[in-house]
Amino acid sequence: MNKVTLTMNGSLHCTGAIEVSDAQGKLLKSAAELWLCRCGASGNKPYCDGSHKGTGFLDEGLPVAGELGPAAAGAALKVTLREDGPLKCSGPFEIAGADGRIAWRGTDTALCRCGASEKKPFCDGTHRRTGFKS
């Protein structure tokens with residue numbers, strides 16, 4: 001099962017079959033493990049470079065439980081970078097909190113990468129107001 005685990009005050013730890021593509025659909029990376037920025041400050045977006053440590057980014061990584069769809073396996077988690085916007089995620093995966101609890105399971109959602117969403121780890125559109133640049 002593909003998994004995105006939130007880290008306290010840090011990045012998204014992705015494991016499984018992960019494919020990252022740019023906004024035009026060009027495959028940038030295929031990996032079994034990678035760390036994606038969710039604070040908005042990485043100099044190597046969409047990947048985490050540790051910048052969250054100096055930005056004051058705060059998030060306990062304990063999302064409110066949401067939809068728990070059926071567990072599915074076999075297909076890759078496709079992460080598409082929306083220009084100046086969220087990480088569009090499609091394919092079977094689950095989101096675990098920093099405490100290891102599965103908080104969400106499904107096949108389609110958008111994750112915040114600007115660091116300002118009020119619904120972390122999910123995008124709430126705040127990137128438009130803050131002027132986030134990818």
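Author: C114 is buried, with a relative accessible area of 13%; buried means under 20% relative accessible area, exposed over 50% and partly exposed in between, for a 1.4 Å probe and protein chains only. The model is predicted, so local features need pLDDT of at least 70 and side-chain atom pairs count only at pLDDT 80 or more, whereas totals for chains, interfaces and linings use all residues. Residues are numbered from 1 along each chain as its sequence is written, and side-chain values use heavy atoms, with hydrogens and water left out.

A search of the whole structure finds zero disulfides, a disulfide being a pair of cysteine sulfur atoms within 2.5 Å. C89 is in no disulfide, and its nearest cysteine sulfur, belonging to C14, is 7.2 Å away. C89 is itself buried, at a relative accessible area of 1%. C114 likewise is in no disulfide; the nearest cysteine sulfur, that of C112, is 3.8 Å away.

Strands (E, at least two residues) and helices (H or I, at least four) are DSSP runs, numbered from the N terminus. In soluble globular proteins, nonpolar side chains tend to be buried together. Neighbours within four places in sequence aside, L36 is in contact with residues including L12, C14, V79 and L87, where contact means heavy atoms within 4.5 Å.

A charged residue is buried as well. R113 is found in the loop between strand 6 and helix 1 (126-130). R113 is buried yet has no salt bridge, and the nearest side chain of opposite charge, D84, is 6.3 Å away. Lys and Arg count as positive and Asp and Glu as negative, with His and the chain ends not counted; a salt bridge is a side-chain nitrogen of Lys or Arg within 4 Å of a carboxyl oxygen of Asp or Glu. A polar atom of the R113 side chain does lie 2.6 Å from the backbone oxygen of G85.

Methods:
A polar contact is a pair of N or O atoms within 3.5 Å; within protein, one must be able to donate a hydrogen and the other to accept it, and residues adjacent in sequence count only if both atoms are side-chain atoms.
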